[in-house]
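Have the sequence and the coordinates open as you read.

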Amino acid sequence: MIQVAGYCRVSTDKEDQANSFASQQSYFRAYISSHPDWRLYEIYADEGVSGTSTRKRRQFHRMIQDAYAGRFQLILTKEVSRFSRNIVDTLSYTRKLRQIGVAVEFMTDHINTMDGDGELRLSIMATLAQDESRKTSSRVVWGQTRQMEKGVVFGRSLLGYEVANGVLTVEPEGAAVVRLIFEKYAREQMGTSELARYLTQTGYRTHRGSSRWSTGAILRILKNEKYAGDLVQKKTYTPDYLTHEKRANHGEVPLICLKDHHEPIVSRELWQLAQERMEQNNKHGHGSWGHSNRYVFSGKIRCAGCGASFVGRVKVRKDGTRVRRWSCGTAVRQGRSGCAIGKLIRDDDAMHMLKTAVQSLPLDIHAVIRNVTALAMDAVRATREGVGEEPEPLQRELEQLRQKKVRVMDAYFSGDLSREEMLTMNRRYEAQAEDLRTRLEAAVEGKRCGDGLERLQKTIRSDVAALLRFERESTALCKTVLDCLTVFPDRHMELRLRDLPQVFQFQG
Ligand SMILES: [Zn+2]
């Protein structure tokens with residue numbers, strides 16, 4: 001006998017009969033009774049239909065505890081997107097449950113976490129959902145992007161500049177230190193560690209007020225284009241705005257660059273000189289292999305001859321197009337005497353092998369699309385920003401603020417408020433109004449483009465479909481599914497996907 005638990009989310013909305021507790025209960029009971037060796041342990045139900053709408057999920061947590069107590073061996077749940085708060089959580093729960101011998105079956109998605117490829121299929125969904133959340137996030141925060149394009153600075157003060165209300169102003173004392181750093185480094189050819197020692201010993205203060213200077217801090221200053229008067233924003237972005245974790249932007253979202261945006265602290269010529277020096281120092285030293293983990297196949301192609309990883313090199317063809325080619329790292333460094341494998345693999349050929357392997361999986365594309373869309377849409381609704389926001393209430397709020405400001409002025413002129421109080425209140429109202437205007441702009445634009453939730457849903461759907469069919473490449477997806485590609489001396493290759501036992505053979 002297998003003890004089985006059911007987990008569902010129930011709607012408190014009387015209209016929503018399909019998601020009522022009664023209907024879900026009978027659904028589970030019917031499914032369990034069709035398996036003679038299953039016995040129902042309990043049905044756990046939390047209120048709230050969408051994933052993010054339930055914060056507490058008390059029944060869910062009770063169920064996990066019962067699973068650890070060994071009360072059942074299988075959890076039934078309808079869909080991936082309805083199991084947990086978000087897909088990252090889902091994956092971490094299913095992995096932990098698997099370790100203690102508890103399977104999770106997502107009924108309509110035909111995924112059982114104990115199946116050979118159940119885990120991989122979940123990972124694929126997770127990656128796509130995160131990918132979509134990130135894109136959706138950039139669609140949602142476009143209001144902020146518009147502000148950035150107009151030159152409003154989002155960010156904190158830095159050495160030499162104060163940032164207040166989206167405007168950069170030069171702070172003379174810090175600016176002098178910045179100039180000194182550029183002069184010493186670019187013109188006097190002082191090294192960064194020497195410079196750090198010099199600044200520390202002379203008693204200069206960093207932006208945070210510390211008297212200790214590091215080479216890292218100096219490099220950050222030297223690389224900062226703000227000192228030449230330019231503004232580059234979106235150096236970081238939030239790929240998954242469920243977790244609001246920030247990442248460095250390596251071209252995933254467009255950078256916003258404004259030349260001669262504000263008063264420079266050093267001349268463009270001096271700034272450029274410093275950049276050239278840094279580049280030279282980098283070439284002589286290490287770091288030329290940097291950013292390698294941006295590529296799908298970095299560290300994932302192995303040489304069966306010597307055990308080394310393949311390394312990628314870009315080759316520019318005669319017609320100017322670029323192609324990345326991978327070859328054995330030992331062979332690159334030591335030549336034929338180091339490793340006899342001379343095989344070169346083109347990036348697109350490797351990608352084709354990966355595509356072939358993924359497409360041979362019994363992946364229910366429709367289930368993936370349905371779940372990923374549901375998850376991404378939950379995330380959109382959860383942010384309650386821009387998209388879907390109606391302009392009218394925002395307009396009303398703005399009008400109320402305007403009236404409040406009038407009343408403050410009246411009170412000031414009649415002597416009920418001091419000048420200080422009036423200014424403080426005005427500043428507060430102005431900040432609120434600024435926020436409202438940004439949201440209003442996004443809401444109006446959102447309506448104008450018809451970029452409401454429905455349209456967004458369609459975009460996500462077609463996007464996911466394209467990614468799954470490899471019509472468009474997703475580095476994140478490829479990295480998730482690829483375990484390794486091994487190249488043998490007889491030129492045949494073996495590709496493995498993560499969490500899967502089977503090997504895909506290729507002849508090259
Ligand atoms: Zn080798």
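Which residues of strand β3 are buried, and on which sides? L74 and L76 on one side and I75 and T77 on the other are all buried, so both faces of β3 (residues 74-77) are covered. Buried here means that 20 or more other C-beta atoms, placed from the backbone, lie within 10 Å of the residue's own; 12 or fewer makes a residue exposed, and anything in between is partly exposed.

A word on what you are looking at: this is a predicted model, where local features need pLDDT of at least 70 and side-chain atom pairs count only at pLDDT 80 or more, while totals for chains, interfaces and linings use all residues. Residues are numbered from 1 along each chain as its sequence is written. Helices (H or I, at least four residues) and strands (E, at least two) are DSSP runs, numbered from the N terminus.

**The sheet around β3**

β3 belongs to an open sheet of 5 strands in the order β2-β1-β3-β4-β5, with mixed pairing. At the edges stand β2 (38-47) and β5 (111-112), each with a single partner strand, so one side of each has no neighbour in the sheet. Two strands count as paired if DSSP finds at least two bridges between them.

| Strand pair | Sense | Bridges |
|---|---|---|
| β1 (residues 2-10) and β3 | parallel | 4 bridges |
| β3 and β4 (residues 103-106) | parallel | 4 bridges |
| β17 (residues 492-497) and β18 | antiparallel | 5 bridges |

Over on β4, E105 stands opposite L76.

Two helices lie across β1, β2 and β3: α1 (residues 21-33) runs at about 155° to β2, and α2 (residues 58-68) at about 150° to β2. Those angles are taken between N-to-C directions, from 0 to 180 degrees, with axes fitted to C-alpha atoms (for helices, over the stretch in contact).

**A helix pair**

Next up are α6 (residues 172-187) and α8 (residues 215-223), which pack at about 95° with their axes 10 Å apart. They are therefore roughly perpendicular to each other (65 to 115 degrees). V178, I181, F182 and Y185 in α6 meet I218, I221 and L222 in α8, a contact being two C-beta atoms, placed from the backbone, within 7 Å. The residues of this contact divide into 7 nonpolar, no polar and no charged. Nonpolar covers Ala, Val, Leu, Ile, Met, Phe, Trp, Tyr, Cys and Pro; charged covers Asp, Glu, Lys and Arg; the others, Gly among them, are polar.

**The hairpin of β17 and β18**

Strand β18 (residues 503-507) is hardly covered, with 0 buried among its 5 residues. M493 has F506 in β18 as its bridge partner. The hairpin has 5 residues between the strands, and D499 takes a positive phi near 65°.

The protein comes to 16 helices and 18 strands, and buried residues make up 29% of its 508 residues. Mean pLDDT (the predictor's confidence in each residue, from 0 to 100) is 81, and 82% of residues reach 70 or more.

Notes: Angles under 35 degrees count as roughly parallel, over 145 as roughly antiparallel, 65 to 115 as roughly perpendicular and the rest as oblique.
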